[in-house]
Every structure is written in structure tokens, then in C-alpha cells.
Amino acid sequence: MPDIIGITGGIGSGKSLTAAQFKKLGVPVLDADAIVGELYEKSAALKEGLAAEFGEGALNGDGTVNRGYIAGRVFSDSQSLERLNALVHPLVKAELLRRSKAYDAVVWDVPLLFECGLEAFTAAVVVVLADRDRRILRVMGRSGLTKREIEDRMNAQLPDFCRMQRADYVCINNGSEAELEGEVKRIYDDFCKGRGL
């Protein structure tokens, strides 16, 4: 197995931007959300499971996954979210592990790293933190979600203090991109250079 750096944090905290900074430093990145998107598009077994679990509204007329419908179901109902995760998480885990074999070191950008138990495969976990109001504004600016919808997603995720207790590194992302770059460089120098990566 390669040296895996797991990046996680709440919605709008800046996980993907943090991962992009690692990529600029030469560490390849695997994005769990992108893998989920691929699975939604290509996995017939997953589509069948979603339709069986959430009804015919889970799929659009052309057979694609109706992500808006599913999100509306799961982020206001913890049991529905658990059922969705039970379908999706094992497939994402298998893909992350399969793709990681190609690298000596790799970053996993995984919002639900702890919830999926994926920290067990990592050599280090980076938790990205940002103020709640700042996160809401970021997500509203990029997604078209309402404040209520964003808060529903936040409330469905692990609280920041729980993530911090399990982190090897904490990356604060309340400032500029240059400040975040400095945070990532500090972590990179400590972890990657220390291992000769």
C-alpha cells in the first residue's frame, strides 16, 4: 500500500482546494466525490440498488441517477442517509484502494473519511476547518443550495470537534488561498519530506 494522506472536513471547509495544493506539490489526488459521480453514471448495480431503496424517483427517465431527489430524501432523514451510505461506501472504498495501488503516495479527498472507516488505511489524516458562516457562504456561492439545505448537510456530518480529535494535522482555511497554501506546505514538509516522498 502507498502512503495515503486522508483529507476530510465539513461541507464548504475547503477540502478540494487543500487537496489541489497537495497536487501542486506533486502528490496525486483521488477525489471520493468524483468517484461517486462515476459510479452513479456507470454502475448498473448501484442504480438498481438506489431504485430498490428509494423508489422510481431515484432514477430519471433516461436511467441516470436523480441526485437532487436522493439528496432531498437523505439529508432530512438519518435512516435514509444510512441506507444510501450502505450502498455507496463499499464501492467507493474498493475504488480508492484499487486506484491507490498505482502510487507510492496519494491524497484521498474524502468528506466522510471517518464515517466510512477509511482512516484505517491512511498514514496521516488532515482535517480542514473553517468558520460555519464562511462555509455556508462558500457553498451558497457555488451550488445554488439554500442556507437551509446547506445546514441540513452540515448537521448530517460529523461535528468538527470529533474530526479534530482524530486528526494528525489540522488545516485552518479562514483566510486567503495563499494562507491555505502555507498551511499545506507546512504539512507537506513535515509528513512527506519526513518520509522521503
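## Strands and their pairing

Within the parallel pairing of strands E1 and E4, Ile7 has Val126 of E4 as its bridge partner. The model is a predicted one, in which local features require pLDDT of at least 70 and side-chain atom pairs count only at pLDDT 80 or more, whereas totals for chains, interfaces and linings use all residues. Residues are numbered from 1 along each chain as its sequence is written, and side-chain values use heavy atoms, with hydrogens and water left out.

Strands (E, at least two residues) and helices (H or I, at least four) are DSSP runs numbered from the N terminus, and two strands pair if DSSP finds at least two bridges between them. E1 and E4 are joined by five bridges; besides the contact of Ile7 with Val126, Gly9 is partnered with Val128 of E4. E1 also pairs with E3, again in the parallel sense and over five bridges. Here Ile4 stands opposite Val106, and Ile5 stands opposite Val107.

E2 (residues 29-31) runs parallel to E3, and three bridges join them; Asp31 has Asp109 of E3 as its bridge partner. Strand E5 (residues 169-172) pairs with E4 in the parallel sense over four bridges, and in E5 the partner of Val127 is Val170.

E1 (residues 3-9) is mostly covered, with seven of its seven residues buried (buried means under 20% relative accessible area, exposed over 50%, partly exposed in between, with a 1.4 Å probe and protein chains only). From E1, Asp3, Ile5, Ile7 and Gly9 point one way, while Ile4, Gly6 and Thr8 point the other way, and all are buried.

E3 is likewise mostly covered, since five of its five residues are buried. Its residues Ala105, Val107 and Asp109 point one way and Val106 and Trp108 the other, and all of them are buried. In E4, six of the six residues are buried, so the strand is largely enclosed by the rest of the structure. Ala124, Val126 and Val128 point one way from E4, whereas Val125, Val127 and Leu129 point the other way, and all are buried.

## The aromatic pair

The structure holds one aromatic pair (ring centres of Phe, Tyr or Trp, the last by its six-membered ring, within 6.5 Å; planes under 30 degrees apart count as stacked, over 60 as edge-to-face and the rest as tilted). The centres of the Trp108 and Phe121 rings are 6.4 Å apart and their planes stand at 45°, so the pair is tilted. Trp108 belongs to E3 (residues 105-109) and Phe121 to the loop between E3 and E4 (124-129), so the pair ties together parts that are 13 residues apart in sequence.

The two members have their own burial classes. Trp108 counts as buried, at 0% relative accessibility, and Phe121 counts as partly exposed, at 31%.

## The largest pocket

The largest pocket contains about 1200 Å³ of space. A pocket is an open set of points on a 1 Å grid where a 1.4 Å probe fits, with protein on both sides within 12 Å along at least five of seven lines; lining residues have an atom within 4 Å of a point. The volume is the space filled by probe spheres set on the points, which are joined across faces, edges and corners.

Of the 44 lining residues, Asp33, Phe75, Pro111, Arg153 and Gln157 are the closest to the centre of the pocket. The elements that give two or more residues to this lining are helices H1 (15-24), H2 (32-42), H4 (67-74), H5 (78-100), H6 (132-143) and H7 (147-156). H5 supplies the largest share of the lining, nine residues.

## Tyr188 and helix H9

Tyr188 is placed in helix H9 (residues 177-191). With a relative accessible area of 13%, Tyr188 is buried. The C-alpha atoms of Tyr188 and Arg132 are separated by 26 Å, and these residues are 56 residues apart along the chain.

## Confidence

The mean pLDDT of the protein is 91, and 97% of its residues reach 70 or more (pLDDT is the predictor's confidence in each residue, from 0 to 100).
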